[in-house]
Amino acid sequence: MFKTYSVFFIVFVDNEAELIDDTMKGILGQTYPRSEMRVLFMDNASKDGSYEKILDYIQEYPSLVSVYRMDRPTKPARLLKQASNYLRFSPVHFSMFLHPGDRVYSGFIEKAIGLMHMNGEIEAVYSNIDICHTDKSLEKQEAIFTDNCIIDKEVNYGLFFNTGIGAKVQAMFRGLQPGALERLVDMEKRIDRNDWMGAAFPSEGKIAYLTESFGYMMERVPDDVMFDLMTKAYSLKSQFYMTETVANYTERQKKDWADMEAAYKCIAENALLHAIRTEETGDIRLAEQCLMFAEMMCLDIVQDEAYILIKKAIENETSMQGIREKIVKGSVEPPRDCFIF
Amino acid sequence: MKRKPLVSIIIPNYNHSMYLDQSINSALNQTYSNIEVIVNDNASSDNSIAVVKKYIDQGVVVNKNPQNIYNFNYDILDDSVSGEYFVLLCADDILKSDFVEKAVRIMEEYPEIGFVHGERDYIDEHGRITELDPFFNCSFRVNGEEILPIFTLTDIGQSAQAVIRTSAFVRAGKHDTQSDHLNIDREQWFRLAMVSDYAYIREKMALIRMPETTSETSRIIETFYHPIALYHTAKSFEEWAKLNDYPRVSERIEVAIKRFAKECLGFAKVFLKRENYELAKRYLLFIRFADRGIISDEEYQKCWTILQEKRGASVEVDEYKKSSNYAFRKRNYEPPENYVLMEDTI
Amino acid sequence: MKNEACTYILIIANNDLDKLRRTVDSLLKQTVERELLRILIIDNASQNDTYSRLIDYEIEYPELISVIREKKPTTKGRLLKRMIRHLRYAEVGSSMILEPGDIICPDLIKNANMILRLKESLGSLIYETDIWDGQTIKSQTPIFTSNCVITKLCEDVYYKSGIGHKVLIFHRGLPIGLTVKLPYYEVVVKSHDWLSAAYHRNEANGYMKETGGCIYTEAQDMKKELIEWSFFIKRNFYAIETQVFSTKNSLNVQKEAVYSAYNCLSIMALQYAVQILKKGAIEEAEDILIFAEMMNLDIENDSRFLQLRQAVLAGNYEETLETLFVVKSEIPPRVSFQF
């Protein structure tokens, strides 16, 4: 009885009125038929006119745009839960989660849906994106892999932690990802959806990665870097709880253990990237905390060249130029068992 | 009390068949008459179901999960709450017979109160009781916002010590294991206090089981999960405080984190003693990470030296698992500001 | 923190524990690994004795059987909804809804799981079934002549034939789609109806010609059944029939389906009318004829209808009437594919 709209864009808005236009431009500019798309704004009880702006958009595009306003501000995890709940009677074929200020380039939806139609096993399509700085300049990122590829998550779980450190991506999911209605995996709710690391969760299924840049995201640095890192660490701990607490070693668990160590190393390296960023702000305390955090999560990182260089730079108050490249490697070849296209 | 609305006593159970008789009886023997008792079994592998069966003639119901779903059982048992009030009685705990009556009377009189804590003693696996100092020095009721800062540091009471008004619980977002996971009690009290008022009964209302060893606690400490979860919870409260404008909570967060850091020092010593230097190092790093000032602490410095020299065997510390450790804690704190004394009404 | 995905059998218990035993026994004989099988039974607020005996089941088969109890008696739809909700954190690889008295072939679960593993696009497998009414076992004429996959492109097959036909449905995962559409189920819970497979018409479903088991169904009040089916069809096609939503995008196949559905229901009614006439309930047979015409006005041009009407008005049952509405297996629709 209900029409199924192919694509749902879900946008969480938290007092970001001035950024909504940009995102809407991206959606309106899609080559994919507009009648097959829907936009749901989840308004986190904004007070800056965001809600009014959304209502204006609804008036202008009544069959495209919809809104749900929370009565009191809440956390991202609960917004996501509420969105899932709100859409439980709307059969959703494909979905994309956006922040205001993120823009999807015009061909992405068509390409991603085409891919998922052709291959029923693909659960999500990820693509490279550009980063839009606060001065509106666009920075290109190097693609994570040298070729477009299809990755089996269960077989290549560690890949999401071994590659693309610090890389940002955008994704279109089949259905209302992440996870089934009632099961939001911890990582998904906390990880910035644009983190490549976040693609690891949930841990089954196949995803496609496109090297071409199909959009841009607004540069976002968390207000409380430590909270952000710690929450990701917490999510990882939950994810690997069984692996860490089981005493017997089987082949599978050896692989899980390797994946787990890769994950902790990845988050430690993310902390190092934050430390490098403090050069602009001069926040030495934060830089030191990042180093401590990195060591706490991955004891071996103290032997890494990047760590040593950062530590020296902080102590001697010298520049951290060039250290980033030691962590953020260039494009790598996809693993041999991935399908390249 | 004129009205006697239904009170649901939900008993989540996993392999606690040896304690179920006591907990179920304590629920059935409440002086309050309108009670339903529901056991939520999380796929126990012992004879729990056989134990519960003895009570189904008295109206006790047991719902069983086909697979063990860990802490998500809390979310599932939310579905079983049909009373206007409810108690989450852990399968190994015991309620005092007049707890529900006293708590419901308070909440019937004061509709703004969303939950009531009673006091507790500990009981071990052999039935030996350790008497504890009450947390506060009097019974009182208070506005929810006043008690919020306290929950940043401690939970005051565990699940079995609380009778909760279901409508407040729903407003607070019910159980949300995906977001809360560990520290479930504390997060829950915090969220309840954001939407309702609080009352505290200084009388001992529950016996909380604290065996010599709790395997779950050991696991989370020994996989370095515990400090991360604590830090995350503290910051999570800070996030709520910012969203809803509770400056006094925001102020307390740093204090809370420093307190946790100090607690972790104890764990670090235990691991040094066990000569598990990797784990000890992580804890010591965490402590410094959480509290910069600890570098000047003598004890902390000693631990670092012991770590570097690998002299763990020389450390003097008790293993963290003993329940009898708690008997010596002195509490009886002053209630938060703007409290209203409540001796007469109980 | 993951459990292994299991096959879940959902059963709504009634007071007939002998029938339940029959079903549980057939599940105990399944060749699938016991650890990967789970049975969830919901007790619809039965009297203490039944509940007590259900608990005994739990004690007898601790890792296999779980029981949950609904405090106040409620409708089948709500019970089903509750069971599905109870499993929302469980790892459900596949599931079936069975009623007490149903039995399934020992290899069914193992084979069905294997097929679902191989064919990842299928949302469910629909098996033929025999029917036991407590005394005799009847087999049915299969709907199609061979196995096939029914996709959205040929979704009208659910309505074109086989209204009233019984099947066994093996779902991938939980039948979650049902929870969305369950309000219909409140009235029309017919988990063994071919027509109910139309709930899953948004997925590709595999039709299996082989008989998966034998369901138990008591003699039905035919008039009630017919009304329920018409309600079901009406609800399903509400949007198209009332043009509430724009019909521009309705596929032609859906419009055809509407017509097919009512036509099929009409024919079904006439089949029933023959049975009822055989029993001598002439007035009831007349009612059903009226129903048939109400559902599909064109039927009065059908010579078979006219013949039957004459017989009913005269109160004469004849053997030849039985052959008027014989059901044949059809060749699978062209847009489906064999497997």
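User: What makes a pair of residues a salt bridge here, and how many are there between chain B and chain A?

Analyst: Happy to start there! A salt bridge is a side-chain nitrogen of Lys or Arg within 4 Å of a carboxyl oxygen of Asp or Glu. By that rule, the count between chain B and chain A is three in this predicted model.

User: Why is Glu288(A) with Arg292(B) called a salt bridge?

Analyst: The closest N and O atoms of Glu288(A) and Arg292(B) are 2.6 Å apart.

User: What else links chain B and chain A across their interface?

Analyst: Eight residue pairs are in polar contact there, both partners at pLDDT 80 or more. On the side of chain B that touches chain A, helices H7, H8, H9, H10 and H12 of chain B each give two or more residues. The largest share, 12 residues, comes from H10(B). By class, that side has 16 nonpolar, seven polar and 13 charged residues.

User: How do you know how much area chain B and chain A bury between them?

Analyst: Buried area is the accessible area the two lose on being put together, summed over both, so the figure of about 3,600 Å² covers chain B and chain A together. Of it, 59% is on carbon and sulfur atoms. In contact are 36 residues of chain B and 38 residues of chain A.

User: What makes Tyr198(B) stand out in the largest nonpolar core?

Analyst: That core has 151 residues, and Tyr198(B) is one of those that touch the most other members. Among the residues Tyr198(B) touches are Phe115(B), Phe136(B), Val142(B) and Ile156(B). Apart from this core lies another, of 80 residues, including Tyr32(B) and Leu64(C).

Terms used. Residues are numbered from 1 along each chain as its sequence is written. Chains are lettered from A and ligands numbered from 1 in the order in which they are written. This is a predicted model: local features need pLDDT of at least 70, side-chain atom pairs count only at pLDDT 80 or more; totals for chains, interfaces and linings use all residues. Side-chain values use heavy atoms; hydrogens and water are left out. A nonpolar core is a set of buried Ala, Val, Leu, Ile, Met, Phe, Trp, Tyr and Cys residues joined through side-chain atoms within 4.5 Å. Buried means under 20% relative accessible area, exposed over 50%, partly exposed in between (1.4 Å probe, protein chains only). Contact means heavy atoms within 4.5 Å. Buried area is the accessible area (1.4 Å probe) that two parts lose on being put together, summed over both. A polar contact is a pair of N or O atoms within 3.5 Å; within protein, one must be able to donate a hydrogen and the other to accept it, and residues adjacent in sequence count only if both atoms are side-chain atoms. Helices (H or I, at least four residues) and strands (E, at least two) are DSSP runs, numbered from the N terminus. Ala, Val, Leu, Ile, Met, Phe, Trp, Tyr, Cys and Pro count as nonpolar, Asp, Glu, Lys and Arg as charged, and the others, Gly among them, as polar. Lists of a residue's contacts leave out its neighbours within four places in sequence.
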